[in-house]
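Please keep the sequence and the picture open while reading.

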Amino acid sequence: MFPKDSSILIVEDMKTTRLYVKQSLRTLGFKTFAEAADGAEAWDKINLMAGGGTPFQLVISDWNMPKMTGFELLKKVRGMPKIAGTPFLLLTAEAEKHQVVQAIQAKVSDYLIKPFSDEQLEEKIKNIWNSIQKKAA
Amino acid sequence: MALPAPTNAELYQVDVKLCYPFIEAVTHTLKVQCKVDARPGKPGFKRNSEEGRYDILIGATISSDKVLGQVVLCLTNKIFFIFMSKMLGKLITKMTPEIEDGAHELMNVIFNQAKKLLAEKKIAAVRSIPMIAFGEHVKLRYLSRGQTVILPFETEHGAFNVEVTTQEITTSDVINLVTKEV
């Protein structure tokens, strides 16, 4: 599992959903979060942190957002060699499930369909961590 | 060419087809996201707007090729704040812009769940941006040709309703739509 001091970026335009994700992550023992209300704000924060030598260890992003969608953010992250390997969990509505194929092609780490429980979020984060460990081995 | 008028049986079927996905979506979303067990009761038709006064209404418009309608989550302040408190893991006692967002998001999630289930029944539903209205004992009235179905739910924290009102799309609706598009 990701170390509990991992820095996690939560990207979601609905503040209450950001709070919900943060609350779920706290339940799982995580403590360090940053938030962004859309993909564009997230992209700025990702660059800032990477530039400062402390990149985010996990990005959890909604798909459907103004300015820049989660999918566009994913493609930008994967397109920049310095941060291309950032674990990226995409949150999606049931209605957007068919679009997930595109996200998989764009190398999303995993996706989670709303609504989701703390346990489902934990399972996804564990899966992402395990797959990173497998690749590293 | 005039469209054939739907029979009563067909209209009833439309209502039922529309209602069950919402029952499932509401129970699933509240269980997963708010950790609340909502037990659906027996659906019934709303007879007049005096029936049911609520504090918070969260609604979305649905439309498909066959039907237009509204789905409204009808809650008391008490139960809405309990849902939000359980969802966010902190005590919520008043409406704020942030909590309004939460209400919209809850409706979005419910609608998206229902949309998937409706699609399985070959009903392609499109929704509008959710709306929220709040005040003391708000009366809910629809300017609709169709009937309103009340879907009652019970929880350990109290009861709430989901109201679904629909009307079939008539020939004149189609003509209006075509005229507008031209």
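**Notes on the two chains**

1. Between chain A and chain B the count is 2 salt bridges, where a salt bridge is a side-chain nitrogen of Lys or Arg within 4 Å of a carboxyl oxygen of Asp or Glu. The elements that give two or more residues to the side of chain A that touches chain B are helix H1 (15-27) and helix H5 (118-136) of chain A, with helices (H or I, at least four residues) and strands (E, at least two) taken as DSSP runs, numbered from the N terminus. H1(A) gives the most to that side of chain A, with 6 residues. Sorted by class, the side of chain A that touches chain B has 7 nonpolar, 5 polar and 5 charged residues; here Ala, Val, Leu, Ile, Met, Phe, Trp, Tyr, Cys and Pro count as nonpolar, Asp, Glu, Lys and Arg as charged, and the others, Gly among them, as polar.

2. Before going further, please note that this is a predicted model, in which local features need pLDDT of at least 70 and side-chain atom pairs count only at pLDDT 80 or more, while totals for chains, interfaces and linings use all residues. Residues are numbered from 1 along each chain as its sequence is written, chains are lettered from A and ligands numbered from 1 in the order in which they are written, and side-chain values use heavy atoms, with hydrogens and water left out.

3. How many residues of each chain are in contact across the interface? The answer is 17 residues of chain A with 21 residues of chain B, contact meaning heavy atoms within 4.5 Å. The area buried between chain A and chain B is about 1600 Å², of which carbon and sulfur atoms give 62%; buried area is the accessible area (1.4 Å probe) that two parts lose on being put together, summed over both.

4. Over all chains, the count comes to 13 salt bridges.

5. Within chain A, Glu35(A) forms a salt bridge with Arg18(A), with the closest N and O atoms 2.8 Å apart. This pair links distant parts of the chain, since Glu35(A) lies in strand E2 (residues 32-36) and Arg18(A) in helix H1 of chain A, 17 residues apart. Glu35(A) counts as partly exposed at 21% relative accessibility, whereas Arg18(A) counts as buried at 10%; buried means under 20% relative accessible area, exposed over 50%, and partly exposed in between (1.4 Å probe, protein chains only).

6. A salt bridge in chain B, between Glu163(B) and Lys46(B), has its closest N and O atoms 3.0 Å apart. It joins strand E8 (residues 158-168), which holds Glu163(B), to strand E2 (residues 44-46), which holds Lys46(B), and the two residues are 117 residues apart. Glu163(B) is buried, with a relative accessible area of 0%, and Lys46(B) is buried as well, at 11%.

7. Chain B as a whole has 4 helices and 8 strands, and along the sequence these follow the pattern α-β-β-β-β-α-α-β-β-β-β-α. Of its 182 residues, 45% count as buried. Among contacts in chain B between residues at least 6 apart in sequence, 68% join residues at least 24 apart.

8. Leu117(B), in helix H3 (residues 97-120) of chain B, is buried, with a relative accessible area of 13%. Leaving aside residues up to four places away in sequence, Leu117(B) touches Pro21(B), Glu24(B) and Ala25(B). The C-alpha atoms of Leu117(B) and Tyr20(B) are separated by 8.7 Å, although the two residues are 97 residues apart along the chain.

9. Cys74(B) is in no disulfide, its nearest cysteine sulfur being that of Cys19(B), 13 Å away. Cys34(B) is buried at 0% relative accessible area, and Cys74(B) counts as buried at 1%. Over all chains, the count comes to 0 disulfides.

Methods:
A disulfide is a pair of cysteine sulfur atoms within 2.5 Å.
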